[in-house]
Structure formats: structure tokens, C-alpha cells
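Please read them with the structure open beside you.

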Amino acid sequence: MLEYITVEPLAVASLIKEKYSAGFNYLLDITAIDYSEYVDVQKEEFALIYIIRHKNFKETIVVKTYLHTLEIQSISDVFKGANWLEREVYDQYGIIFKQHPNLRRVLNHKEFVGHPLRKSYPITKGQLLHSVDDLIDEMNNRLLNKNVVCKLDNGSFSECNKDLMFLNIGPSHPASHGTIRTYIALDGETIEAAVAEIGYLHRGFEKSCENHNYNQIIPYTDRLNYCSAISNNIAFAKTVEDMLGVTLPLRAQAIRVMLLELSRIEDHLVCLAAILVDMGAMTNYWYMYNPRESIYEVLSKLTGARLTNSYMRIGGMANDLYDGFEVDLSKAIEEVQHGVKETLSLIKHNRIFHDRTQNVGIISAEDAINASLTGPNLRACGVEFDMRKDNPYYGYENYDFDVVLGSVGDVYDRIMVRFGEIDESIKIIEQVMRKLPEGDINVKDASVVLPAKESVYSNIEGAMNHFKLTYEGVKVPADEYYASIEATNGELGFFIVSDGSGTPYKVKVKAPSFTAISAYPEMIEGSQLADSILTLGSLNIIAGEMDR
Amino acid sequence: MELVSPSLDTETAIVTKLDDAVKWARESSLWPMIFGTACCAIEFMSTAASKYDISRFGAEVVRFSPRQADLLIIAGTITYKQAPILKQIYDQMSQPKWVVSMGACACSGGFYDNYSTMQGIDEIIPVDLYVAGCPPRPEALLDALVSLQEDVRTNKYNPQRHKDFKGLLDNA
């Protein structure tokens, strides 16, 4: 259930606090809209959007405010997760959040001038960075807050009682899983303070969306979470289809469920393989990674690509399953089961594995909700939130599966939740394949789905239809809408503003990895250096999705 | 040049030029440093895993320290924010060194023609070989490796290119 509320900017902070005490304690996203080129003249040039959810995980509120000046009260004192989200809005739109503890750029680099998601910023205007941010002032503030350093009268800092060593992990480090940089202050082996810097893979997804039509965006969505490309396709296509008000045929829904679960397996395999390598358990990497190759084979036969599949279309998908798909799929699933079994037999009762992962990198359920963690990372804390159960779509309510929960919220739980979810996903896939409905895979609507090739080549209506849809894109009614699915890393949502044309006016991704990394520095403070690597690995941060 | 042949007994001595022997050693044991940032890095993982097995070509000793590597594989998008780091890593590698640009993003920015993405890493560091694809299949990367080995052996391209190169960040 989506409810829209519009308030004055001055009332936002108090409304959020009021809703917070009424049970809306889960922040999904904060973003802004630049209305300067919108079809209808709006009240103000800029509007801010806050999306919050009730603790029953069913009701969602979209709070909107039109800004008279480019300033607003920060809500990071209510939600920890708001800290980085507000930084992103500041970075991309130049909106100042008053009383924000650390309002600095998060995605773009420090020498960047201007705010790229403003409509006035030209999309291709790149700006060279000459030297990397040293993060020293951010670290000093962090240490000051923790009473590890003291501020001297002349404005500089001194270490009061500890002999600290500073260390950069990343952005080019084998265990940094892509391009995350963590700057830490060490006392011996213990991390006293940590700050994380992201944005090294910020490749302008949201700006690119504003310059492409809906179906052209599908390949871009592949590259958000590139470990499970199809689930991003589905999340985006579903949001647009909801805005169009079309319902997919049952066969298409079932295929989407099956591919979502296959992506989940694919993603968890690579996450688990990588974290076990980080622990020195190299053998497991082969057990887990080779089944992934078998999934690649099925997917490349089905979609033509191993990794970046671009299989979904607005209103359906590119093509139906091929003959013999079921046999290939069950072979791949068997290999996954074999790999998981072999790995578990090596680690399940392994003392080294237990010592390295149990009670390491803990985050409590309360903190995790406040920091907007989602997906397996949140479920590892024992919070029973799964979009497939709480807001079912594509007939998920008809499948029999369990939500896998942890209890402590440590690295061990996050790993074991993922192992459990692989089993549950296999259960769902088997149920889908057992009673896969016959019928169409695309909606029957000529204004949404491309006509059949025969009709394009043989009659003028088909040719015109094809031309109009390709050239202008699918026309989506003017609306502002948020929809999400349970992707592999958690709730993956899209907030789309349409002006009625074939190109979105604005697209915002609610990326699970973004909020996970914002919680990461506090999770590793106080733990050992080696534990920070495992904590990062267990959160399964995918840079493409985090930095967009 | 084949150094070991079953038809030769163990007492046989082989006479060759020192230069050839060095080139043979270099081409057969390229040590890659992976600068993996995005999707292409996942395909590199496949190339290194047992199915495609990069060790068949002598390049399985993946180093994450540039000082121990002689082949830099840039697997993924390089943004303007990342560029100084890539340059620093390239500079830390000792000569002789080779650079492979893997995938559309590293080669040209790919379909990310926007404010944050470098339009090709050859604006900041020299590139010996470009691999097309988004992402390239593991076979394409292996093909690049084999072509590069030929280049190491024959030196058919301009051997001065790493020394003469001036990129956008060199004058800074």
C-alpha cells in the first residue's frame, strides 16, 4: 500500500518524527526531483521525496515537499540510514541538509563542480580528478566523536591516549569486492575508527536513464547488480508495468519468479565463494563457482548472454523458454546442490570457520532497521522481512517456501542465511517448473510490446507500430511511483517520475548495497582488522548497485 | 622455440640467444594484476576458475600488488574518481609491463557516455590490447592473452609506447 503525503518543508522533520513514533521506523529512500524541465509547471523547481515504511513492512508512505529554498532540516538524527542518503541528494542536486553531521559528496569526487542530476547539468560534461581525497578530516571528526583524539587550541588534532596507525583498504584491494575504500585507524590490530568512501564506480545510471527510453534502460539495469542481472531487469520492468497498469500473463509471471530465484542462487554462490576465499578456504571457491558456470550456460542459451542478460522487456520478456530448458535447468540445479553440500561438509563443523565468523561483525536488529539494511543482511539479525512474503507479487503467495532467519546478526548468520536461501530458491524453482502455465509471455497491448516480426515485414500497421515503439518508446502515463521486489541483496526498488513521454523524467534506484555500506564503518569499529574483511564480504556489497 | 622435447635425452644442451630465452620466459609466465572494478571482473573470475583455466597459458599467478606484476588487466568501468588510482597503480609496476583493457567501458567508456565515466582508459595510461565485449567472454580474454604473448615474443608493436606516453594526468 502506497500513501502519498505532501507537506511544507518546515513540517517534514516533525512529520517524519511523528510517523516514526507511529511505527514507521524503516526508511527506504530519500531523493529529489528537479522540475525545471517538466511538462507542467510545478509549485517550486525542486521537490524532496522521502519514502518510509511501517514496521509491519506492509504500509509505505511517500512524503513529498516542494522546496522554497534549497535548504531543509536533516532527519539523520532519526534514521541512521538517512545520513548517506541525504549526502547523495546534496551531491547530486545541491540541496543543503541543515544539522547534518557530515554533509559532503558521496558519489562524485571532491574536485567535482556542480550537481549532475540537475537538469541544467549537461550529461556528457566530465570532470577530471587529479588527486584522491585523503579523508583525514572525516577521520579526525570520527576520532573526536569517539574521544580518541583531542582538538588542540590551534585547530589541529593530537592523539590523547593511543598510538594510532592509519591504513587504507581499497579501493584497489582484492578483498574490497570491487571499488570500496575503507580508511581505518588502528590501535594494534583493533580498529578504533573507520570511514568508508564510495563512488569509485559511480557511472551515472540515473542521469543516463533520463536520456533513454524505457526499453533502452533495461541493459543499464543489468549492470547494477551484475552478479544477478535478471533480477534488476525484473525490478525495473515491474515498476514501469505497474505505472502502465498492465498485468502480465501467468506464464510470464511464473518465468519471472523462476528466473528471480535462479538469479538469487547465482548471486549467493558468488558471494559465498568470495567470502570463503577471503577466509583462505580456496577449495570451496571451486565447489561454489563451477555450478555458477552451469547456470551461465543455461542463461546464455536462453538469453544470449552469460552475465548481462537483458532478458526482460516492458510488458514481458524477449523470448519464451527454449525446448529442453527444463532438462538443462535441473542439471544446473543438481550441480548447485552438489556444490553447496560439498562446501557445507567442509565448513559446517569446522572450528576455524566458526571462530572466524561467529560473533564477528555484529549488528543488532534494531540498529539494522534504523540503518535501513535489507535482504539477507537484515534477516540475519532475525528480522522477518521479505518482500516475497510481506508484499507478494507474481503469485509468490502460492509457493511454499520459508524465510530463512538468523539470530545474532553476525558474519556467520549472514553466510548461513544465504546458504539457506539457496535451498529455498531451489524449492520455489521446482514448484514453478512443475506447474508452469501455458500461454503468452507478453501482454497483449500494441502500445507496450513490439509486434511479431512477421507482421512488421508484411503489413504497414506492424511496421508503423514497430517504428513508433522503437523510436518514441513506451508511453508511460505521467505519475510518480515507487515499486520494489525482493532482489538478491534485499529490497530493490525504483522510484520513477514520468512526464507522459517515452523517456522517464527521473529514475531513482533504492539500492540495498548503498545503505549496507553506510552501516559498515560502525560495524567494524572495535573489531580486528582481519574481521573487517569478512564483515564486508558477508554484506555482499556489489559496487555497480551501490554507486550506480 | 621448444625447450623440452621427448626425443631429446637429458644430456642434450640447447643453444639459443639470451634474448630469445628471456622472451620465452616472459611470455610463458605473465603475472597479471587485476584492476577489477565491475562486471568484467566477474568474467575474469570465470577465466581464472577451473573451466576456462587461465593457468593453461601460464598467467594464473594473480598478484594484487602492482610491484609483483607485469600484466595489468583493467576489468571494468574506470570513472574519473578512479582514474588517479589506476594511474598510481600503473606507475608502480616495473618495466617491462603490458596493459590489457578488458571490455567496452575500459576501452571507450562503453554505453556510459556521461559525466562520471572516463571515455577510455587510454586517456590516462597506455594500452597494449583492447578486448571488445560487454563483458567479453572468457574465451575473448584468453585470446587477448595469447595475442599478447605473441607480442612479447616478437615485439611487433612500438616498443617505446610505454615510455613515450603522455596522458591527461601526466602533466598534473
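**Notes on the two chains**

1. Let me start with one residue pair: Asp29(A) stands opposite Ile51(A), which belongs to strand 3 of chain A. Please keep in mind throughout that this is a predicted model.

2. Strand 2 and strand 3 of chain A pair in the antiparallel sense, over eight bridges.

3. Now for the chain A sheet. Four strands make up an open sheet in the order 1-4-3-2, with mixed pairing. Strand 1 (2-7) and strand 2 of chain A are the edge strands, and each pairs on one side only. From one strand to the next, the twist averages 20°. Helix 1 (residues 9-21) of chain A packs on this sheet and touches strand 1, strand 3 and strand 4 (60-67) of chain A. The direction of helix 1 makes about 165° with that of strand 4 of chain A. Helix 2 of chain A, in turn, lies across strand 2 and strand 3 of chain A and runs at about 10° to strand 2 of chain A.

4. Glu86(A) lies in helix 2 of chain A. Is Glu86(A) buried or exposed? Glu86(A) has 25 other C-beta atoms within 10 Å, so it is buried, the cut-off being 20 or more. Leaving aside neighbours within four places in sequence, Glu86(A) is in contact with Ile30(A), Ser74(A), Ser76(A), Phe97(A) and His100(A). Glu86(A) and Ile30(A) are 56 residues apart along the chain, and 6.7 Å separate their C-alpha atoms.

5. Next, the domains of chain A. The chain is divided into domain 1 (2-98) and domain 2 (205-547), and their centres, taken over C-alpha atoms, are 27 Å apart. Contacts link 20 residues of domain 1 of chain A with 20 residues of domain 2 of chain A. Which elements give two or more residues to the domain 1 side? They are strand 2 (26-34), strand 3 (46-53) and helix 2 (82-93) of chain A. Strand 2 of chain A provides the largest share of that side, six residues. By class, the domain 1 side has 13 nonpolar, four polar and three charged residues.

6. Helix 18 (residues 529-539) of chain A is worth a look too. Nine of its 11 residues are buried, so helix 18 is largely enclosed by the rest of the structure. Among the buried residues are Asp531(A), Ser532(A) and Thr535(A), along with Ile533(A) and Leu534(A). Asn540(A) follows this helix and has a positive phi, near 50°.

7. Moving to chain B, four strands form an open sheet in the order 1-2-3-4, and the pairing is parallel. Strand 1 (32-36) and strand 4 (129-131) of chain B stand at the edges with a single partner strand each, so one side of each has no neighbour in the sheet. The twist here averages 20° from one strand to the next. Strand 2 (residues 71-75) and strand 3 (residues 98-102) of chain B pair over five bridges. Helix 2 (residues 39-48) of chain B lies across strand 1, strand 2 and strand 3 of chain B, at about 145° to strand 1 of chain B.

8. Not counting residues up to four places away in sequence, Ile74(B) touches Phe35(B), Leu86(B), Ser101(B), Met102(B), Ala106(B) and Ile121(B).

9. Finally, the chain interface. In total, 39 residues of chain A are in contact with 33 residues of chain B. Helix 4 (205-209), helix 8 (282-303) and helix 19 (543-547) of chain A each supply at least two residues of the chain A side. The largest share, four residues, comes from helix 8 of chain A. By class, the chain A side has 15 nonpolar, 18 polar and six charged residues.

Technical notes
Residues numbered from 1 in each chain as written. Chains lettered and ligands numbered in written order. Predicted model: local features only at pLDDT ≥ 70, side-chain atom pairs only at ≥ 80, totals over all residues. Contact = placed C-beta atoms within 7 Å. Pairing = 2+ DSSP bridges. Axes fitted to C-alpha atoms, helices over the stretch in contact; angles between N-to-C directions. Domains from an automatic or database assignment. Nonpolar A, V, L, I, M, F, W, Y, C, P; charged D, E, K, R; others polar. Buried ≥ 20, exposed ≤ 12 C-beta atoms within 10 Å, placed from the backbone.
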